[in-house]
Amino acid sequence: MQYSHSNRGIDVVWFKRDLRIRDHTPLANALSRGRQVLLLHIYEPTDLAHLTTSNRHLTFRWQAWTALCKEVRALNWPVQTAVLHAPALDVLKYLHEVSGIRALYSYQETGLAHTFIRDQAITRWVRINEIPWHEQRQQAIYRGLKHRKKWANDWHNTMRGGLTRASPGPNLERFEVPEWPPGWACVETPHVTHCNDPGGCGPFQKGGEREARRYLQTFFEGRVKGYRRQIGRPLESRKSCSRLSPYLAWGCLSMRQVYQTFQNADVPRAKMDLKAFGSRLRWQGHFIQKFESECRIEFESVNRGYADFPYHGTPESLAAWKEGKTGIPLVDACMRCVINTGYLNFRMRAMLVSFLTHHLDHPWQAGVEHLARCFLDFEPGIHFSQFQMQAGVTGINTIRIYNPVKQSMERDSEGLFIREWVPELAKMPIEYLHSPWTQPPMERLWSGLDLTYADPIVSVESAGRAAREKLWKFKKTNAVREEATRILRIHVAPSSLD
Ligand SMILES: Cc1cc2nc3c(=O)[nH]c(=O)nc-3n(C[C@H](O)[C@H](O)[C@H](O)COP(=O)(O)OP(=O)(O)OC[C@H]3O[C@@H](n4cnc5c(N)ncnc54)[C@H](O)[C@@H]3O)c2cc1C
């Protein structure tokens, strides 16, 4: 049976990666125009099965969603909320059948292929059923953008715009939520249905707007001091970077909220720190726009000239990288840290990818899902672009091959981070800590140290040299150069992103 009165029925606000009530335009519109408003969040089976999804993401979403519902109740808004486990299209079809949908409100998602295909199916269905879908553009991310001539301007204008405030309109009325089919209503955090969850003991950052505001506040109250100096260090960056990334990735904060707080921040003796932070805010939009404009990079390199780039990595070296057992202390410490806490600073993320693709000679595709699962802040737009940049397959960026021993000596000079995450090396004298294989074997034997730490899986020096030669040679091929010109024309990567 199809619900027949188009002026009746419910208005559905579908929350995806925008789990907040502040500065949320679809919510504000639905509340002001609607009468019976349902706030909906969906854990879809395709998402739970996807290899980029991990339990830490699902928990973060759950925390953010339950916090949102609690706040809505405290505000006494006459709306209903539901969190379901079912395919989104089935949910909408069911709702339309039992209650009638007057209008659907959501943000436009720059997501993975499976969410895009789903949205296309929903577009067809709402058209057939004459349901208006008010799909709001994400802040400064444009669908179908062909070049970046005006993009930076548009981004700044959007960020300076007024924050949207949701408040209940005069027509809102309470209503009964329909009874859901068996198995749809979520009463606790769902779990992934694949077998590749990284596990990890935590603690992980917690989801929700209040938590997000706490990080925002403490950052500008003082943590920002030293941002520039500490950003490259695996230990210190955990405090002096903002740690806002999961809140931005899952939408507990809008970028506009962060930008405006940054603009109004008055932190003595932190001018350069603030400047460095501010430029990174635009990078977030830059990369998401890049993914929006060229979403095939979920599967293939942005520069098609690298389609035949030869790789010779072994399954054993890939497994060692994923488990943090390569025998290179900083690489292993970083991997174990991100598995257990969900966070790693930019430089160490870049080094992990560089080591995988250059030293271990694997294509970026071999590790991209693993780190997506590990990063609590997994954001497809940033993740796939950054992975390819660090793998050296864009043809437009400087090729960077990080030497993990040099990074270790520079960024963790006292070895505190390594000792924390690689307990086998807890008692290793500092002169050997960054490269334990340099300790003379007899000294090692007599020292009474834990000898279980693996030998290095590759020679950092010679593997790095071989990768450099291979990459530079390939970068000069016609196919790579032609593609580089095309990429620059569409994405006009700002030089600061090199
Ligand atoms: C291989 C690789 C994969 C990455 N995957 C992700 C991802 O899935 N999600 C994600 O949010 N970031 C990703 N990054 C970018 C960056 O490492 C993180 O945004 C940053 O470390 C998050 O910490 P923070 O919030 O404390 O950052 P801050 O330094 O405090 O920066 C504030 C915000 O600016 C944005 N930002 C900062 N650096 C970058 C950057 N290099 N590129 C784009 N935006 C940036 C983020 O939204 C960040 O939260 C990746 C980087 C690499 C090298």
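Helices here are DSSP runs of H or I with at least four residues, strands are runs of E with at least two, and both are numbered from the N terminus. By that count, His434 sits in the loop between helix H20 (430-433) and H21.

This is a predicted model, where local features need pLDDT of at least 70, side-chain atom pairs count only at pLDDT 80 or more, and totals for chains, interfaces and linings use all residues. Residues are numbered from 1 along each chain as its sequence is written, and side-chain values use heavy atoms, with hydrogens and water left out.

Back to His434. It counts as buried because its relative accessibility is 7%; buried means under 20% relative accessible area, exposed over 50%, partly exposed in between, with a 1.4 Å probe and protein chains only. Contact means heavy atoms within 4.5 Å. Leaving aside residues up to four places away in sequence, His434 touches Pro329, Val405, Ser408, Met409, Asp412, Ser413 and Ile418.

Next, salt bridges: a side-chain nitrogen of Lys or Arg within 4 Å of a carboxyl oxygen of Asp or Glu. The whole structure has 27. One of them joins Lys16 and Glu109, with the closest N and O atoms 3.8 Å apart. Lys16 is in the loop between strand S1 (10-15) and helix H1 (25-33), and Glu109 in the loop between strand S4 (101-107) and helix H5 (113-128), so the pair ties together parts 93 residues apart in sequence. Both Lys16 and Glu109 are buried.

Another pair is Arg349 and Asp377, at 2.8 Å between the closest N and O atoms. Both of these residues, Arg349 and Asp377, are buried too.
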